[in-house]
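Let's take a look around a protein model together. Have the sequence and the 3D view ready as you read.

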Amino acid sequence: EFVNNVGIVTANFSAAYNDILVALKSRFPVSTVLYPCQVQGENAAKSIIRALTAAIDDKVDVIILGRGGGSNSDLSAFDDEELAFKIAESKVPIITCIGHSIDETIADRVASKVCITPTDAGNSINPSLAEVKDSLSSKKRMLIDLITAVLRDYENALSFKKKIFLSLSSNKRIELLKNTLEKKMNLFVSLFKDVIIRQKEMLKNKKDH
């Protein structure tokens, strides 16, 4: 439910990286690791695969793979077949945020989740602190209501037993109290014997050593 370690695969010092960080940090405390790569150009696909492999090997909780908008040729690295297989076979969930909402790459089609912007990807990771606090407050109210209901049931049961007790004759009340006292005394004696036995065993062990 809560992600602790997020691997970010994108270009270093990019607007996409900054947007992801801002979104993540504004919602819930997480640790992030940047795995920098080229996101466009002739060697971009291989660079992305290397960075993605490093993130998967580090066993982060989730990976965000993305970049800002661009032309079809700018985004072509994310249509690479080898990259698509790497994403599809990953045991670590991968969230893509590539280009804009109108763009769709092959990487998006095999990802665990697709977001339309880097900011949306960051927002999709964890609930916000406000949401967590609201959830805790709701659970606290439910717990208080449950405890109150249980205590009310005990109170009603005790009141019922009290009415029965008061309806008994004096002799019956004395007999009932006597039986209750005897049970408590027997329990006390049993517990006391256990304590004595344990103390004797401890003394014996100390003597033996």
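## Salt bridges

A salt bridge here means a side-chain nitrogen of Lys or Arg within 4 Å of a carboxyl oxygen of Asp or Glu. The structure, a predicted model, has two of them. In one, R27 pairs with E131, and their closest N and O atoms are 3.5 Å apart. This pair ties together distant parts of the chain, 104 residues apart: R27 sits in helix α1 (residues 15–27) and E131 in helix α6. Helices are DSSP runs (H or I, at least four residues), numbered from the N terminus.

How exposed are these partners? Buried means under 20% relative accessible area, exposed over 50%, and partly exposed in between (1.4 Å probe, protein chains only). R27 is buried at 17%, while E131 is partly exposed at 43%. In the other bridge, E104 meets R109 with closest N and O atoms 3.7 Å apart. E104 is exposed at 52%, and R109 is exposed at 62%.

## One member, V150, belongs to helix α6 (residues 129–167) and is partly exposed at 37%.

## Reading the numbers

Residues are numbered from 1 along each chain as its sequence is written, and side-chain values use heavy atoms, leaving out hydrogens and water. Local features need pLDDT of at least 70 and side-chain atom pairs 80 or more, while totals for chains, interfaces and linings use all residues.

Notes
Helices (H or I, at least four residues) and strands (E, at least two) are DSSP runs, numbered from the N terminus.
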